[in-house]
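Keep the sequence and the 3D view open while reading.

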Amino acid sequence: MPQQEYIRLMREIEGCKIAEIARRTGVSWITAKKYADRDNWSQKTGKKHHKRPIIDPFKEIIDTWLTEDQCIPAKQRHTAAAIHRRLVREFNFKGSDRTIRDYVSKRRKELKLEEAQAYQRLEHPGGEAQVDFCTIQVSKNAKLMEYKLLVASFPYSNASFVYPVPKENQECFLEGLKRLFDQMGGVPKRIWFDNLAAAVVHIEKDGQRKCTDAFLRFVAHYRFEPVFCNPASGNEKGHVENKVGYSRRNWCVPVPIFTDHETLASELVSCALADRKRKHYAKGVTIEELWQEESAKLLVLPEEPFQVFRLEQAKVNNYGEVRFDGVSFPLFEVHPEEKVILKIYWDHIEVLNQNYKLIGSFPRPYTHKTADVPWDKVIHNLKRKPRSAPYSQFVRMMPSIVQEFILLDDLEIRRNRLYWLSNWLKQYSLDEVAMVLKQEDWNQAMFSDVVTHRLYALRHPIVATDEISIPGTPTYTPDLTIYDRLHKGGRSE
């Protein structure tokens with residue numbers, strides 16, 4: 001406005017010509033003419049409409065490409081020049097490159113504004129996920145063991161994805177996220193997290209999070225926006241909090257039998273997949289239908305998956321071993337005090353020399369918390385109700401030989417065997433009982449006493465000793481004829 005007012009004053013007060021005004025102000029002759037002879041300076045309202053008759057038939061095509069670009073990595077998105085080339089090549093567009101540049105610049109700003117407005121209107125916009133850990137119990141070797149379940153939920157569709165990991169450390173967390181993205185077939189645009197130690201180092205005074213370097217690299221690789229809840233405010237991601245409880249109640253009851261990690265993961269993933277066939281609690285259509293709609297809003301997976309590992313320096317001890325998490329691993333072809341590099345993955349560790357050549361690999365040690373099953377109470381309840389044995393989740397945890405021993409059709413024999421098992425387990429472990437049952441004939445007489453004796457012998461083996469001979473000890477051969485005379489009443493032959 002100051003320059004426009006100056007142009008008007010030059011025309012009105014000084015009587016300058018249009019060419020002189022243009023020269024002195026540095027504007028074009030048309031612009032100088034426009035403001036020098038303008039009569040109405042009232043502010044105009046309403047949207048300005050620019051006629052682009054040549055581009056109008058192609059606007060929908062361009063808008064489609066720009067919208068889809070939001071799900072594509074930045075390096076693979078359309079530039080204005082690329083859009084112009086495609087329009088010329090595929091649709092015989094006759095307009096100029098400048099026309100496309102102007103429209104693309106304007107539409108990109110409008111699309112960002114539309115997306116921001118959509119986030120304000122919708123409580124749960126599509127393509128946004130929430131992630132959390134929970135603790136589950138699995139059964140391994142007739143014991144209860146703690147495992148972690150990483151759960152991702154989508155509030156818009158109510159779809160969920162799960163992946164079990166041994167711990168909540170950084171490698172397990174990032175590997176679990178990567179596996180969840182693979183299950184989804186894409187990456188959520190925005191993900192809500194707790195302030196978990198695997199991602200957040202600490203919270204600054206202004207509320208900003210200082211994240212770990214590995215997490216920041218992971219975020220940059222998959223291009224999503226991380227959002228962290230306020231401390232002690234789990235309600236800010238209440239959907240995944242509810243989904244965590246739902247997962248434990250529906251997919252981890254009865255307690256899963258842990259044979260190996262991949263089998264457990266496959267079973268839980270199948271449960272989450274089957275769950276999408278039910279109807280959404282409020283929208284009247286299946287979760288799968290809503291997920292198909294929402295999955296189109298996910299970011300495209302990068303061409304190369306993120307490699308989850310961290311490096312640590314270590315030193316070989318005098319025994320040719322390297323220690324990690326309190327466990328020693330033997331190495332070969334290394335010298336004591338030699339420095340090595342540990343490449344730590346979520347499930348194994350690679351040992352490299354200073355030239356980054358692999359010299360050893362070991363499974364990563366995890367000390368799982370285990371709890372003994374109260375077998376005395378379990379068997380006591382089964383003795384009272386032997387019919388319930390086939391339906392007991394604890395019977396499923398027993399070794400197969402013990403299951404076979406008690407799960408027979410005759411209820412009276414089943415009750416007797418449960419009674420014997422109860423007595424044996426008061427002194428011996430379930431593994432010891434299983435070992436003896438494999439060796440004995442169950443139909444032999446006095447079977448219970450035989451097993452009890454075998455269990456005692458298993459705990460107290462008889463150690464055979466050779467006859468001790470001390471060099472230089474005189475040998476003595478007793479004369480037994482006196483005993484013969486005594487046996488015959490004192491008479492000798």
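This is a predicted model: local features need pLDDT of at least 70, side-chain atom pairs count only at pLDDT 80 or more; totals for chains, interfaces and linings use all residues.

The chain as a whole holds 18 helices and 14 strands. Of its 493 residues, 41% are buried. Among the contacts with a separation of 6 or more, 58% are between residues 24 or more positions apart.

**The pair α2 and α3**

- Two packed helices are described by the angle between their axes and the distance between the axes.
- The crossing of α2 past α3 is right-handed.
- On the α2 side the contact involves I18, A19, I21 and A22, and on the α3 side it involves W29, A32, K33 and A36.
- Sorted by class, the residues in this contact of α2 with α3 are seven nonpolar, no polar and one charged.

**The pair α9 and α10**

- Helix α9 (residues 238-251) and helix α10 (residues 261-275) have axes that come within 11 Å and cross at roughly 110°.
- That angle makes α9 roughly perpendicular to α10.
- K243, Y246 and W251 of α9 make the contact with L268, C271, A272 and D275 of α10.
- By class, the contact of α9 with α10 has five nonpolar, no polar and two charged residues.
- The loop between α9 and α10 contains P254, and the peptide bond from V253 to P254 is cis, with omega near 0°.

**The four-stranded sheet**

- Strands of a sheet pair through backbone hydrogen bonds, either parallel or antiparallel.
- Four strands form an open sheet in the order β8-β11-β12-β13, and the pairing is antiparallel.
- Which strands are at the edges? They are β8 (310-315) and β13 (358-363), each of which pairs on one side only.
- From one strand to the next, the twist averages 25°.
- Six bridges connect β8 with strand β11 (residues 339-344) in the antiparallel sense.
- L311 has K343 in β11 as its bridge partner.
- β12 and β13 run antiparallel and are joined by five bridges.
- The hairpin of β12 and β13 has five residues between the strands, and Y356 there takes a positive phi near 60°.

- Strand β9 (residues 321-324) and strand β10 (residues 327-330) run antiparallel and are joined by four bridges.
- E321 stands opposite P330 in β10.
- Two residues lie between β9 and β10 in this hairpin, and D325 in the turn has a positive phi of about 55°.

- I349 is located in strand β12 (residues 348-352).
- Is I349 buried or exposed? Its relative accessibility is 2%, so I349 counts as buried.
- The bridge partner of I349 in β13 is F362.
- Leaving out residues up to four places away in sequence, I349 touches F324, L342, K343, I344, G360, S361, F362, R364 and P365.
- One of these is G360; I349 and G360 are eleven residues apart along the chain, and their C-alpha atoms are separated by 8.4 Å.

- Most residues other than glycine have a negative phi, and most peptide bonds are trans.
- N158 is not a glycine, yet it has a positive phi of about 70°.
- N158 sits in the loop between β2 (143-154) and β3 (159-165).
- With a relative accessible area of 6%, N158 is buried.
- E337 is not a glycine either, and its phi is positive at about 70°.
- The loop between β10 and β11 is where E337 is found.
- E337 counts as partly exposed because its relative accessibility is 46%, which falls between the cut-offs of 20% for buried and 50% for exposed.

Notes
Residues are numbered from 1 along each chain as its sequence is written. Side-chain values use heavy atoms; hydrogens and water are left out. A crossing is left-handed if the near helix is turned anticlockwise from the far one by less than a right angle, and right-handed if clockwise. Contact means heavy atoms within 4.5 Å. Ala, Val, Leu, Ile, Met, Phe, Trp, Tyr, Cys and Pro count as nonpolar, Asp, Glu, Lys and Arg as charged, and the others, Gly among them, as polar. Two strands pair if DSSP finds at least two bridges between them. Axes are lines fitted to C-alpha atoms, for helices over the stretch in contact, and angles run from 0 to 180 degrees between N-to-C directions. Angles under 35 degrees count as roughly parallel, over 145 as roughly antiparallel, 65 to 115 as roughly perpendicular and the rest as oblique. Buried means under 20% relative accessible area, exposed over 50%, partly exposed in between (1.4 Å probe, protein chains only).
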